[in-house]
Amino acid sequence: MLDGNQTELYLSEQVVVLCTCALSLLGSSLIIFTYIIWSDLRTTPRKLLVYLSVSDWLSAVSYAFGVWSVFRSNSPECVAQGAISTFANTSSFFWTVAIAIYLYVFIVRSSQRVADSLVVFFHLVSWGVPLAITITAVCLNKIGYDASEVSVGWCWVRIEAPDRVLWMLLTGKIWEFLAYLTLPVLYILIKRHIHSAHAALSEYRPILANRPPSHSFSSMADMKLTLIPIIFIVLRIWSTVRFMLLLTKSPVRLNPVLVTLHGIGNTSQGAANCIMFVLFTQPIRERLCTALCCRFSTCRELQHSHGASQRLQPERESSIQREEDGTSRVRTDR
């Protein structure tokens, strides 16, 4: 470790964090891509997941740039990277809570109209509040080089700012703490309601067993959105631990294992969401496999037809040559 408050960022930590950034970038892009190309999957909960994926996409790009650059000063690039990551990271907190609120109103309160009416409010809060906080922090010269005190190579709140703990709270941690308190409550209420509904319908299951599940695929995808809070807490807890250690001035926050876990957690939400809601969601997985297989088959057919044409070309040339030879012999006989 370096002297003072600086945290040495090892090459292995950089490689790991850059890999998770790449996976999150790919995962977020895949969520957005599947939403665009398949219109029947465009439910409101999945639309909210797309907005969360946009935030995760921006976070992955900005974090990767910060880890790759390894800033050592308050350069304009460092400030820009810190501002983008602050906005995207805070926006991700808000969208995660917004999804839980939507599901609570939609499932527990059984009011799709009220749930859909909240989407405009979600946009105003989830984009507007992070943007206002980020602009204020940049204007007050609070964003910049933080020596990886509570980051992993990227820029955040300036290390020399006397009120840096306050700005760490305003630019992320306070919203993270609120998410920790809000998400489990909403998640438990949603799961209890689903369990109660299943129990109430248990006596009708023999009658409904042969009924075709008309909305089974979309319902399955929507229900899996309830796992977002769990993913959020598991991934973000390492960042919170390092922040708490900073408040107690504990040198444990500089531990390479904890720093690596922090880097993986902060940059993996896009990848985790993709695994859960694309790769582990049967209808989307089957469509992706079908699309890839069709593309592969088309490529093979094109290669086969191209190879066949190449094989026919020498045969045509030899046939033409034989005809020319036959013609020349006839002329000679004459």
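Is asparagine 141 buried, partly exposed or exposed, and what is its relative accessibility? Asparagine 141 has 45% relative accessibility, so it counts as partly exposed; the cut-offs are under 20% relative accessible area for buried, over 50% for exposed and partly exposed in between, with a 1.4 Å probe and protein chains only.

## About the model

This is a predicted model, in which local features need pLDDT of at least 70 and side-chain atom pairs count only at pLDDT 80 or more, while totals for chains, interfaces and linings use all residues. Residues are numbered from 1 along each chain as its sequence is written, and side-chain values use heavy atoms, with hydrogens and water left out.

## Overall picture

Let's start with the whole chain. The protein holds 11 helices and 2 strands, where helices (H or I, at least four residues) and strands (E, at least two) are DSSP runs numbered from the N terminus. Their order along the sequence is α-α-α-α-β-β-α-α-α-α-α-α-α.

Of its 334 residues, 43% count as buried. The protein exposes about 17800 Å², with 66% of that supplied by carbon and sulfur atoms; the areas come from the Shrake-Rupley method with a 1.4 Å probe, and for residues only the protein chains shown count as cover. Among contacts (heavy atoms within 4.5 Å) with a separation of 6 or more, 75% are between residues 24 or more positions apart.

## Helices α3 and α4

Helix α3 (residues 76-108) and helix α4 (residues 112-139) have axes that come within 9 Å and cross at roughly 160°. Axes here are lines fitted to C-alpha atoms, for helices over the stretch in contact, and angles run from 0 to 180 degrees between N-to-C directions.

The crossing of α3 and α4 is right-handed, meaning that the near helix is turned clockwise from the far one, whereas left-handed means anticlockwise, by less than a right angle. Their contact has 20 nonpolar, 7 polar and 1 charged residues. Ala, Val, Leu, Ile, Met, Phe, Trp, Tyr, Cys and Pro count as nonpolar, Asp, Glu, Lys and Arg as charged, and the others, Gly among them, as polar.

## Helices α2 and α10

The axes of α2 (residues 44-69) and α10 (residues 269-279) come within 9 Å, crossing at roughly 150°. This crossing is left-handed. Arg46, Leu49, Leu52 and Asp56 in α2 meet Gln269, Gly270, Asn273 and Phe277 in α10. By class, these residues divide into 3 nonpolar, 3 polar and 2 charged.

## Back to asparagine 141

Asparagine 141 sits in the loop between α4 and β1 (143-144). Its C-alpha is 8.2 Å from that of arginine 158, 17 residues apart in sequence.
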